[in-house]
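Q: Could you go through this one with me? I'll ask as I look.

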Amino acid sequence: MSEAAAVPPRARLLDCADFTDAARRVLPRDVWDFIAGGAGRERTLAANEAAFGSVRLRPRGLSAVGEPDTAIRVLGDRWGAPLGIAPLAYHELAHADGESGTAEAAGALGLPLVVSTFASQPLERIRAAAGTSTPLWLQLYCFRDQRVTDGLARRAADAGYQALVVTVDTPYMGRRLRDLRNDFRVPAHIRPANLEPDRQAPPGGATDTDSPSAHSRSAFCPDQDWTVVGRLRRLSGLPVLAKGVMTAQDTRAALSAGAAGIVVSNHGGRQLDGAPAALDALGEVVTAAEGRVPVFLDGGVRGGADAFVALALGATAVFVGRPVLYALAADGAPGVRRLLSLLCGELTDTMVFTGHRTVPSIDATAVEMPR
Ligand SMILES: Cc1cc2nc3c(=O)[nH]c(=O)nc-3n(C[C@H](O)[C@H](O)[C@H](O)COP(=O)(O)O)c2cc1C
Ligand SMILES: CC(C)CC(=O)C(=O)O
């Protein structure tokens, strides 16, 4: 049997690393590089995972925790665990099940999914696949043609999405050397299903979404400011969160603009190479937010224990990025469901072994930071 066909049987996919290995075997090389890669020398990409490796957990004995309750409430909704799926472009690049497969898996566990502006399936289809009880948020990029951004926001509200997430770190895409070397193109049969081809770029600008980098240069608005938060909230009636905040300054700007939540993120190391690990920026943002809004984190979360560490350092919940596409590539919707169950199980174990019965009880006394 060729190595390419050798995805291990489901029962042998036991953690994030197993799904990563499986995906590396099944995905075409350039698609693997697009998903796995980061900007520049990939220092920030590497730092995201490494930061979790340097924190130690403090075990507690005979703490009589019983069955911990992983559920939390966020912006009025119940989440089965403090774990969600980060916005990721083009799930169909990983598997034909696409976003609706991912949504079905998230829905089965009551976990939220943030749908990308560049979803490869219609927002309404994804909403239907998720079922009624799981929260769906729509991530938005700011387009030069404001009607595109605003139209997506209204459509999400009409389709029953619970919130909008404005990505603030991407005036255009970072310099991703793997994609440049591969001359990466999104295959022609995979489209940004929620963008109309004639409204993706300014008059005379390129409309070609095949090259994500070139398209971002022509279609994204590089001089957008924080007023977008209030505008989107007014026109959609939905809470608007800011994703890509890494500093106290931007936290204060997001709060002044009316953001209902903050996602600490360096875009998985895909934008500013040299930015700190997301985990290392978390404390600064949590302090600046002064408990006024929930603070989330994405970047480098590869297990339930990583989620626990972020919670201990002040995050309300975490979002997982690449591993979800790897699970989708390995085994479609059932793969994502299995990955999410494994992450929830690891978080439960960590809560039991550290003596925590509920998520809000997890605090900084549960971890030891590197000296
Ligand atoms: C293939 C891929 C596509 C992504 N697409 C988007 C996107 O459309 N919008 C966005 O805000 N972030 C996007 N991101 C960034 C993720 O939302 C998230 O910040 C990052 O992947 C988290 O890091 P992790 O992959 O280490 O978990 C993408 C990341 C990857 C790997
Ligand atoms: C299509 C891209 C803009 C998606 C993205 O945000 C990314 O690849 O990081």
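Q: Is H267 buried or exposed?
A: H267 counts as buried because 26 C-beta neighbours lie inside 10 Å, where buried means 20 or more other C-beta atoms within 10 Å of a residue's own, exposed 12 or fewer and partly exposed in between, with C-beta atoms placed from the backbone. This is a predicted model, in which local features need pLDDT of at least 70 and side-chain atom pairs count only at pLDDT 80 or more, while totals for chains, interfaces and linings use all residues. Residues are numbered from 1 along each chain as its sequence is written, and chains are lettered from A and ligands numbered from 1 in the order in which they are written.

Q: Where is H267 found, and what does UniProt list it for?
A: H267 is in the loop between β9 (261–264) and α11 (278–289), helices (H or I, at least four residues) and strands (E, at least two) being DSSP runs numbered from the N terminus. The unreviewed UniProt entry lists H267 for "active site", an annotation that may be inferred rather than shown by experiment.

Q: Which residues surround ligand 2?
A: Around ligand 2 are A89, F118, M173, P212, S216, H267 and R270, each with its C-beta atom, placed from the backbone, within 6 Å of the ligand.

Q: Switching topic, why is α12 largely enclosed?
A: Helix α12 (residues 304–312) is largely enclosed by the rest of the structure because eight of its nine residues are buried, among them F308, V309 and L311.

Q: And what follows α12?
A: G314 follows α12, and the phi of G314 is positive, near 110°.
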